[in-house]
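Please look over the sequence and the model before reading on.

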Amino acid sequence: MYIDILDAGHGDSLLITCGETIILVDSGPQSFKVRKKLLQRIKSLLNGRAIDIAIVTHNDDDHIGGYNYLIDDGVIIRKFIFNSLDLIKKLFNKNKESKKISFKQDIDLQKTISDLGLNVQTLQYDDAPLTVNGITITALTPNKVILERLHKKAELHRLKNKISGSKTIEKSIHECLNDLKNIKDVFIEDNSITNKSSISFVLHFEKANVLFLGDSHPSDVISALKSKGFSNISFDAIKLAHHASEKNTSSELLELVGNTEYIICADKSHHGHPNNKTISRIIHFNHNAKFHMSSENEKLRTMFTECTMQGYRISVTYPVNGVNRVVL
């Protein structure tokens, strides 16, 4: 298995190759500047091949925004895994009025999928693992309770009024590590329902196990890992949730997953992601942590340099021409 971590700016896009099977997890944002280069990279990596499975973790722009453009650009996608509002509506037997919702990119992508007659299915906690060509995809989140909350949120037209992130001053790596050493680190979990509705999953192929967390909430992931018997599994890598936000990676989750390698899709251009608190929690737990980044810039290098200056023997890989390949 190899994972191509694609530079999608502040967004997520990962192209996974397992033998002859290709899986795309998210498509980055619709921003022209970002998507133009991202689509070129995806097409170059595909080299004329089709994407066998495209997973839309959730309907925030930085994860869903590029899909329609990818299809318009001629990329063949054989199957979608997508908890679209139209499909989850059917889980709760709602009437047709619930189509009057404001999640435009969700609706647009579902329309494209329907118009082209593409194969699409939902995936949530209660579903049996998806198996194809020796690959097993086991959903951890969301569950039906979370999806119903998302459905109700859509009907109330609240997404467009989503509260923006806090503008609090970010603590330095040194300050965050001192809080951890003195047991003063306070974890406050993300409260976004769209993030909570992310498809997070374990991907197993041959001997490799990788966690892909979308923007999911750590308490939900912890509960699912334990209940599905993954608490004693060795993971080769974890794609951290929500661009390594301070509210989506807890010390409890890190300890449950154990020593692994950390994939981060972020460029520190929005809300300070990856956040110094998350990076500090990781290196406090795993002193020799290995990070795989989707982007490279001075802010990121400065953050990791501060980690080494604090005495931690971490290693970091960055993309070359917008692609950072991890081989497992």
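Thr-17 stands opposite Ile-22 in strand 3, and this pair belongs to the five bridges that join strand 2 to strand 3 (residues 21–25) in an antiparallel arrangement. Helices and strands are DSSP runs numbered from the N terminus, a helix (H or I) having at least four residues and a strand (E) at least two, while two strands are said to pair if DSSP finds at least two bridges between them. This is a predicted model, in which local features need pLDDT of at least 70 and side-chain atom pairs count only at pLDDT 80 or more, whereas totals for chains, interfaces and linings use all residues. Residues are numbered from 1 along each chain as its sequence is written, and side-chain values use heavy atoms, with hydrogens and water left out.

Strand 2 and strand 3 form a hairpin with two residues between them, and Gly-19 in the turn has a positive phi of about 65°. Strand 2 also pairs with strand 1 (residues 2–6), in the antiparallel sense and over four bridges, and there Ile-5 has Leu-14 of strand 2 as its bridge partner. In a regular strand the side chains alternate between the two faces of the sheet. In strand 2 both faces are covered, with Leu-14, Ile-16 and Cys-18 buried on one side and Leu-15 and Thr-17 buried on the other; buried here means under 20% relative accessible area, exposed means over 50%, and partly exposed lies in between, for a 1.4 Å probe and protein chains only.

How do helix 7 and helix 11 pack, at what angle and with their axes how far apart? Helix 7 (residues 173–181) meets helix 11 at an angle of about 55°, with the axes 9 Å apart. The two helices are therefore oblique to each other, because angles under 35 degrees count as roughly parallel, over 145 as roughly antiparallel, 65 to 115 as roughly perpendicular, and the rest as oblique. The contact (heavy atoms within 4.5 Å) involves residues of helix 7 including Ile-173, Cys-176 and Leu-177, and residues of helix 11 including Ile-279, Ser-280 and Ile-283. Helix 11 is mostly covered, since seven of its 10 residues are buried, and its buried residues pack against helix 7, helix 10, strand 12, strand 13 (290–293) and helix 12.

Ile-283, one of the buried residues of helix 11, is also touched by Ile-314. Ile-314 is placed in the loop between helix 12 (298–309) and strand 14 (315–317) and is buried, with a relative accessible area of 13%. Leaving aside residues up to four places away in sequence, the residues that Ile-314 touches also include Phe-291, Phe-304 and Cys-307.

Most residues other than glycine have a negative phi, and most peptide bonds are trans. Asn-133, in the loop between strand 7 (130–132) and strand 8, has a positive phi of about 50° although it is not a glycine, and is exposed at a relative accessible area of 57%. His-243, in the loop between strand 11 (237–239) and helix 10 (251–257), has a positive phi near 60° but counts as buried at 1% relative accessibility. The peptide bond from Thr-141 to Pro-142 is cis, with omega near 0°, and Pro-142 lies in the loop between strand 8 (135–141) and helix 6 (144–155). The bond from His-273 to Pro-274 is likewise cis, with omega near 5°, and Pro-274 is placed in the loop between strand 12 (261–264) and helix 11 (276–285).

Technical notes. Axes fitted to C-alpha atoms, helices over the stretch in contact; angles between N-to-C directions.
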